[in-house]
Amino acid sequence: MARIIVITSGKGGVGKTTTAAAFSMGLALRGHKTAVIDFDVGLRNLDLIMGCERRVVYDFVNVINGEANLNQALIRDKRCDQLYVLPASQTRDKDALTKEGVGAVIEELSKTFDFVVCDSPAGIEHGAMMAMYYADDAIVVTNPEVSSVRDSDRMLGILSSKSQRAETNAEPIREFLLLTRYSPERVAHGEMLSVEDVQEILSMDLLGVVPESQAVLNASNAGTPVVLDKISPAGQAYGDMVARYLGEDVPHRFLAVEKKGFFSRLLKRG
Amino acid sequence: MGLLDYFRGQRPKGSATVAKERLQILVAHDRAERNRPTYLLNMQRDILDVIRKYVAVDMDAVSVNYEQDDDRETLEVNIVLPEPAEERA
């Protein structure tokens with residue numbers, strides 16, 4: 001049985017797809033057979049971030065409609081053979097994802113995969129509801145910014161009332177907070193909500209804090225999940241977050257302003 | 001520390017503090033709204049209809065407040081009746 005994880009946020013542009021790509025790659029690199037599904041029907045982008053956009057033949061909706069089988073649609077990652085991508089369809093039919101169809105695909109994936117990561121579209125429309133419906137765990141991607149925090153809280157309400165687990169009175173979805181685009185400098189200047197502030201408002205378990213980093217744009221430019229960039233703070237933060245999800249006790253990093261060394265300060269002045 | 005602050009001058013409150021305060025109020029309000037039973041709005045309308053059969057009151061004359069504690073739920077219905085002069089003849 002696979003564990004089903006939804007990457008959600010409510011608000012757009014906070015880093016859901018970046019997170020879905022990095023998180024699923026991170027799980028796969030640790031030897032777990034992982035499938036990542038793009039639920040953003042009509043606006044597929046996960047394939048681009050994963051760098052497999054030219055290998056898309058069949059998609060999620062083709063599988064639901066029986067036009068292709070799952071093995072034909074799944075794209076095996078070229079960097080890690082434990083990772084498979086199921087791309088979204090570019091159809092404009094918003095109702096192409098049926099609850100039964102999605103359930104059947106997830107159930108089939110569950111038989112052979114360890115983890116199924118569902119990359120949710122923004123908003124609370126049909127696609128987002130389908131992405132979270134079958135989830136066991138939810139990673140709520142949040143920016144330290146008022147509208148993102150508010151939308152995350154709304155998403156928590158939806159997770160606890162509209163999911164399969166909620167409807168069948170099963171054990172509730174485990175909810176984890178992932179704070180992205182964090183800038184310790186701006187927090188130190190009192191210009192940005194701190195990790196503690198956001199945690200206090202949302203009262204959720206903190207899975208990770210990803211600092212604002214140029215590495216994220218570089219990674220998406222190249223179609224490489226940022227977790228593969230082991231030098232950048234963002235890549236390392238995603239690596240830590242995967243370890244924490246798998247139950248390892250990893251201390252949080254990149255939360256404080258980086259202290260400039262004597263030499264770098266000297267060089268800057270010069 | 002106080003002396004240091006004095007020399008730095010009075011720093012204005014960071015915008016993050018304002019953000020946190022606004023969010024705390026907003027999120028508390030959203031959550032309260034979320035936990036309200038769905039029938040509340042319909043009930044409020046029905047109560048208003050009954051009252052308006054006897055007294056001319058505004059749409060906002062009836063406020064329904066729902067609160068949930070650990071062990072009990074409280075439903076508070078508040079009806080503002082008009083001044084005697086405005087009453088129907």
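Me: What makes the space of about 520 Å³ in this predicted model a pocket?

Reply: The largest pocket holds about 520 Å³ of space. It is called a pocket because its points form an open set, with protein on both sides within 12 Å along at least five of seven lines. Of the 28 residues that line it, G13(A), V14(A), G15(A), K16(A) and T18(A) are the closest to its centre.

Me: Which elements of chain A each supply at least two residues of that lining?

Reply: These are α1 (16–29), α2 (46–50), β7 (174–182), β8 (205–211) and α11 (214–222) of chain A. By residue class, the lining comprises 11 nonpolar, 10 polar and 7 charged residues; Gly is counted as polar.

Me: Why are β3 (75–76) and β8 of chain A said to stand at the edges of the sheet?

Reply: The open sheet has 8 strands in the order β3-β4-β2-β5-β1-β6-β7-β8 (chain A), with mixed pairing. Each of β3 and β8 of chain A has a single partner strand, so one side of each lacks a neighbour in the sheet.

Me: How do you know that β6 (residues 137–142) of chain A and β7(A) pair?

Reply: Pairing requires at least two bridges, and these strands share 6 bridges in the parallel sense; therefore they count as paired. I139(A) has F176(A) as its bridge partner in β7(A). Helix α10 (residues 195–202) of chain A lies across β6, β7 and β8 of chain A, at about 150 degrees to β7(A).

Me: Where is confidence lowest in chain B?

Reply: Confidence there is lowest in helix α1 (residues 2–8) of chain B, with a mean pLDDT of 56. Where pLDDT is low, the predicted coordinates should not be read in detail.

Note on methods
Residues numbered from 1 in each chain as written. Chains lettered and ligands numbered in written order. Predicted model: local features only at pLDDT ≥ 70, side-chain atom pairs only at ≥ 80, totals over all residues. Heavy atoms only, no water. pLDDT = per-residue confidence, 0-100. Helix = DSSP H or I, 4+ residues; strand = E, 2+ residues; numbered from the N terminus. 1 Å grid on protein atoms, 1.4 Å probe; cavity = no way out; pocket = protein on both sides within 12 Å on 5 of 7 lines; lining within 4 Å. Points joined across faces, edges and corners; volume = space filled by probe spheres on them. Contact = heavy atoms within 4.5 Å. Axes fitted to C-alpha atoms, helices over the stretch in contact; angles between N-to-C directions.
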